[in-house]
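Here is a short briefing on one protein chain. Please look over the sequence and the model before reading on.

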Amino acid sequence: MRNDIQMVDLRSQYLRYKTEIDIAVQEVMDSCYFIGGPAVKNFAQNLSNYLDVAHVIPCANGTDALQIALMALDLKPGDEVIVPAFTYVATAEVIGLLGLVPVMCDVDPISFNSSLSDFKTHLSPKTKAIVPVHLFGQCADMKDIMEWANENDLYVIEDNAQAIGANYFGYDAPKKAGTIAHIGTSSFYPSKNLGAYGDGGAIFTNDDDLAKKIQMIANHGQSKRYYHDMIGCNSRLDAIQAAVLNVKLKYLDEFCDLRRAVATQYDHALENLNEIEIPKRSSYSTHVFHQYTLKIKHGKRDQLASYLSEKNIPNSIFYPLPLYKQNAFAEHFKHILPVTEQLCQEVLSIPIHPELKEDQIAYITDSVKEFFLNVS
Ligand SMILES: *Cc1c(COP(=O)(O)O)cnc(C)c1O
């Protein structure tokens with residue numbers, strides 16, 4: 001029995017780039033610029049070139065990035081922010097933390113992302129912003145969302161923690177995920193597609209005024225040292241993480257290609273099973289496969305999950321409970337969202353990362369097939 005398959009293989013990846021990463025980290029140690037300094041500056045510049053966005057403001061993590069983005073919008077307590085109910089908790093948590101009201105919307109059953117109609121349903125006079133999430137590595141269809149938001153004076157923040165490197169094709173020229181809305185945010189949590197060796201995050205914008213404000217908020221609301229114009233917070237990407245990210249950024253497109261190659265192999269092996277729906281690709285976005293997420297029909301998801309776990313194949317349910325049913329958000333529980341409910345029952349993510357080997361992929365897909373042929 002194989003037991004070396006992991007959801008994310010950070011060790012193999014480190015060993016592959018060890019020489020470069022060790023040199024980069026040692027440079028930070030030698031420079032003693034532990035906060036800020038050249039490593040952070042270089043990384044922000046390189047990422048801004050890669051994304052073709054005017055401003056990249058690094059910060060401490062992806063949750064802070066969302067919080068700081070919202071803080072820059074001058075919203076008032078009670079203002080409503082529409083957010084998908086099928087996402088990681090951070091997207092909605094920061095809204096509640098700032099005294100704003102998270103209004104949860106449904107998602108599309110095929111793309112897992114909220115489309116314009118999902119946001120539209122929840123528009124009220126109190127709506128001030130919306131937060132589309134590019135879930136599992138594929139962009140939400142942003143063009144219609146942006147047009148509608150601009151007509152209704154709504155700010156749009158893209159939560160791009162899961163789709164860094166994806167291209168969106170809704171406009172004449174392709175745009176990178178995270179650079180389409182007024183503000184984009186990302187996370188460099190180690191298991192993300194561009195992962196640090198600790199926490200990290202960043203905020204993206206093409207708006208010079210918003211960029212200035214975001215920079216200030218992330219740095220104690222400070223415009224000049226020891227002069228504070230607004231209440232901010234302390235959120236920094238540390239230099240060692242920036243050094244690691246600077247190396248990995250060079251290989252991000254290669255990581256995306258390798259993830260897509262794994263996905264294609266999964267597709268071919270699993271597409272003919274009746275009880276499974278393989279993830280579909282949207283025409284308007286590339287997929288960078290932060291997750292490879294199957295839909296398992298006829299109530300067999302949990303049984304398949306246990307079967308795979310018994311065979312030492314890691315698997316995860318992203319996400320098991322709609323956000324409005326979490327105790328933390330119970331007060332916002334206004335309506336059942338049918339697609340979110342169904343996805344929470346059906347989704348199962350299997351390992352996907354650039355280091356996954358052919359024999360591991362075969363062992364995983366054979367085990368899934370075996371379950372449906374012999375066990376269930
Ligand atoms: C990971 C993630 C975040 C939070 O990022 P952290 O760096 O862990 O704070 C936010 N939103 C989504 C969709 C995520 O996947």
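**Asparagine 61 and its surroundings**

Asparagine 61 touches Asp199, Gly200 and Gly201, leaving aside residues up to four places away in sequence; contact means heavy atoms within 4.5 Å. This is a predicted model, in which local features need pLDDT of at least 70, side-chain atom pairs count only at pLDDT 80 or more, and totals for chains, interfaces and linings use all residues. Residues are numbered from 1 along each chain as its sequence is written, and side-chain values use heavy atoms, with hydrogens and water left out.

- Asparagine 61 sits in the loop between strand 1 (55–59) and helix 3 (62–71). Helices (H or I, at least four residues) and strands (E, at least two) are DSSP runs, numbered from the N terminus.
- From asparagine 61 to cysteine 139 the separation is 78 residues in sequence and 21 Å in space, C-alpha to C-alpha.

**Two domains**

- The domain assignment divides the protein chain into domain 1 (10–249) and domain 2 (252–375). Such bounds come from an automatic or database domain assignment.
- The C-alpha centres of domain 1 and domain 2 are 25 Å apart.
- Contacts involve 48 residues of domain 1 and 38 residues of domain 2.
- About 3800 Å² is buried between domain 1 and domain 2, and carbon and sulfur atoms give 62% of that area. Buried area is the accessible area (1.4 Å probe) that two parts lose on being put together, summed over both.
- Phe136, Gln138 and Asn193 supply 19% of the area that domain 1 buries against domain 2, more than any other three residues.

**Salt bridges**

- Between domain 1 and domain 2 the count is one salt bridge. The term covers a side-chain nitrogen of Lys or Arg within 4 Å of a carboxyl oxygen of Asp or Glu.
- The whole structure holds 16 salt bridges.
- Glutamate 254 pairs with arginine 16 in a salt bridge (2.7 Å, N to O).
- Lysine 250 pairs with glutamate 20 in a salt bridge (2.4 Å, N to O). This pair links distant parts of the chain, 230 residues apart: lysine 250 is in the loop between helix 8 and helix 9 (252–270), and glutamate 20 is in helix 1 (residues 10–31).

**Helix 2 against helix 8**

- Helix 2 (residues 38–51) and helix 8 (residues 239–249) pack at about 35°, with axes 8 Å apart. Axes are lines fitted to C-alpha atoms, for helices over the stretch in contact, and angles run from 0 to 180 degrees between N-to-C directions.
- Residues of helix 2 in this contact include Phe43, Leu47 and Tyr50; those of helix 8 include Ala242, Leu245 and Leu249.

**Backbone details**

- Phenylalanine 318 and tyrosine 319 are joined by a cis peptide bond, with omega about 10°. Tyrosine 319 is in the loop between helix 10 (301–310) and helix 11 (338–346).
- Aspartate 153 has phi near 55°, a positive value in a residue other than glycine. The loop between helix 6 (142–151) and strand 5 (155–159) holds aspartate 153.
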